[in-house]
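My notes follow in the order in which I looked things up.

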Amino acid sequence: MSGKIHAAITGVGKYAPEKVLTNADLEKMVDTSDEWIRTRTGIRERRIAAPDEFTSDMGLRAAREALAQARVAPEAVEAIFVATCTPDRIFPSTACLIQAALGAKRAYGFDISSACAGFLMALDAAAGAVESGRVRNALVIGAEKLSAATDWTSRNTCVLFGDGAGAVVLQAADRPGIRSTLLGVDGTLADFLSIPAGGCRLPASEETVRQRLHCMHMAGRETFKIAVATMLEAAQQAIARAGLTVADIDCMVPHQANMRIVEAVAKRLGDGVLERVFINLDRYGNTSAASIPIALAEAVAAGKIASGSKVLMVAFGGGLSWGGTVVEWL
Ligand code: UT7
């Protein structure tokens, strides 16, 4: 035994708001069709948070489920990292709001803004804190109310996104649960996918609201191509860094943006990979930072991930930013 501290996922949880918005509903709102949305994205429906339901509320629900599964009491939580691009407020952080609601009196925490790659960035920050011995456990949450940042008049974006939250508990372990991580960003492509207003560069004004600059804007086609190439590279490097081959991966949990992206990445990774991919984007759409932890929680609940499983998570999104992480379920 080396005595080295490792980090392992010991609990997962998710929360999806009750309200379902179907493609048929969207047909009544913008010039689109169920057929276009299904064939171009794979999405059939998405969840929409209630008007009085916010990112911290959803993150809290997912966190409670993950803590219960890990058998960690809220008072024992030492760190809370929340990945979100739709925080309740610019500050205080969503992590602080969840910390208070949980009663996690011992925990510190902060938000991580890395759009769809945010969960893997947060997981890495948490793993670092656990592996260094600074904390014995950490709650990692991906939560989004993207419906609040969606331009409901733009068919280019409004058919894609949804709300929800997922969470995991990381704990110190004597062998690696988190086997490898590969993260990257390319800020030269920042304008491909962004919420242009609301920061100090373009503070809220009547004009920013009129131009819908508080909503997500995306160069879809350009983003698509880079997503495939980057997710493939991140997946391959994460697998190699874990000392594994593609054949060793039992379950792949990709960011759930578009079925065509997932298929392209899985096919390029190798034969038979697509059969091992967990997909739920048909029911949730793209929930940005929440997408991987929601899928992870559902894959565990469905028995696709169990003790001994080697899981590849791979993400891509605004920043541009991306990540690949290989985890062994202990
Ligand atoms: O979450 C992380 C980052 N995000 C992504 O990874 C998303 C990446 N991009 C995509 O998933 C896809 O590019 C989209 C789903 C956004 C778009 O699919 P596409 O196959 O790239 O379509 P397109 O943007 O090239 O548009 C094709 C046509 C256009 O019409 P024209 O110009 O060919 O006449 C669009 O105006 O489809 C039209 N279109 C629609 N038609 C019906 C765009 N949105 C819609 C719509 N309904 N909702």
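This is a predicted model: local features need pLDDT of at least 70, side-chain atom pairs count only at pLDDT 80 or more; totals for chains, interfaces and linings use all residues.

**Entry 1, domains.** I looked up the division of the chain and found domain 1 at 6–175 and domain 2 at 180–328. For the contact between them I counted 48 residues from domain 1 and 46 residues from domain 2. The C-alpha centres of the two domains lie 14 Å apart. I then took the area, and found that domain 1 and domain 2 bury about 3,500 Å² between them, with 67% of it on carbon and sulfur atoms. I asked myself which three residues supply more than any other three of the area that domain 1 buries against domain 2. They are Lys-14, Cys-116 and Leu-120, which supply 18% of that area.

Within the bounds of domain 1, I looked at helix H3 (residues 55–70) and helix H4 (residues 94–102), which pack at an angle of about 55° with their axes 9 Å apart. An angle from 65 to 115 degrees would count as roughly perpendicular and one under 35 as roughly parallel, and H3 and H4 are therefore oblique to each other. I noted the crossing of H3 past H4 as right-handed. On the H3 side I listed Thr-55, Ser-56, Gly-59, Leu-60, Arg-64 and Leu-67, and these meet Thr-94, Leu-97, Ile-98, Ala-101 and Leu-102 in H4. Sorted by class, this contact of H3 with H4 has 6 nonpolar, 4 polar and 1 charged residues.

Where does Arg-71 lie? I placed Arg-71 in the loop between H3 and S4, and I recorded for it a positive phi of about 55°, although Arg-71 is not a glycine. Going on to the peptide bonds, I found the one from Phe-91 to Pro-92 to be cis, with omega near 5°. Pro-92 sits in the loop that runs between strand S4 (79–83) and H4, the helix that I had already noted as packing with H3.

I also recorded a cis peptide bond joining Gly-319 and Leu-320, where omega is about -15°. Leu-320 belongs to the loop between strand S12 (310–317) and strand S13 (321–328), and I noted that domain 2 spans 180–328.

Technical notes: Residues are numbered from 1 along each chain as its sequence is written. Side-chain values use heavy atoms; hydrogens and water are left out. Axes are lines fitted to C-alpha atoms, for helices over the stretch in contact, and angles run from 0 to 180 degrees between N-to-C directions. Helices (H or I, at least four residues) and strands (E, at least two) are DSSP runs, numbered from the N terminus. Angles under 35 degrees count as roughly parallel, over 145 as roughly antiparallel, 65 to 115 as roughly perpendicular and the rest as oblique. A crossing is left-handed if the near helix is turned anticlockwise from the far one by less than a right angle, and right-handed if clockwise. Contact means heavy atoms within 4.5 Å. Ala, Val, Leu, Ile, Met, Phe, Trp, Tyr, Cys and Pro count as nonpolar, Asp, Glu, Lys and Arg as charged, and the others, Gly among them, as polar. Domain bounds come from an automatic or database domain assignment. Buried area is the accessible area (1.4 Å probe) that two parts lose on being put together, summed over both.
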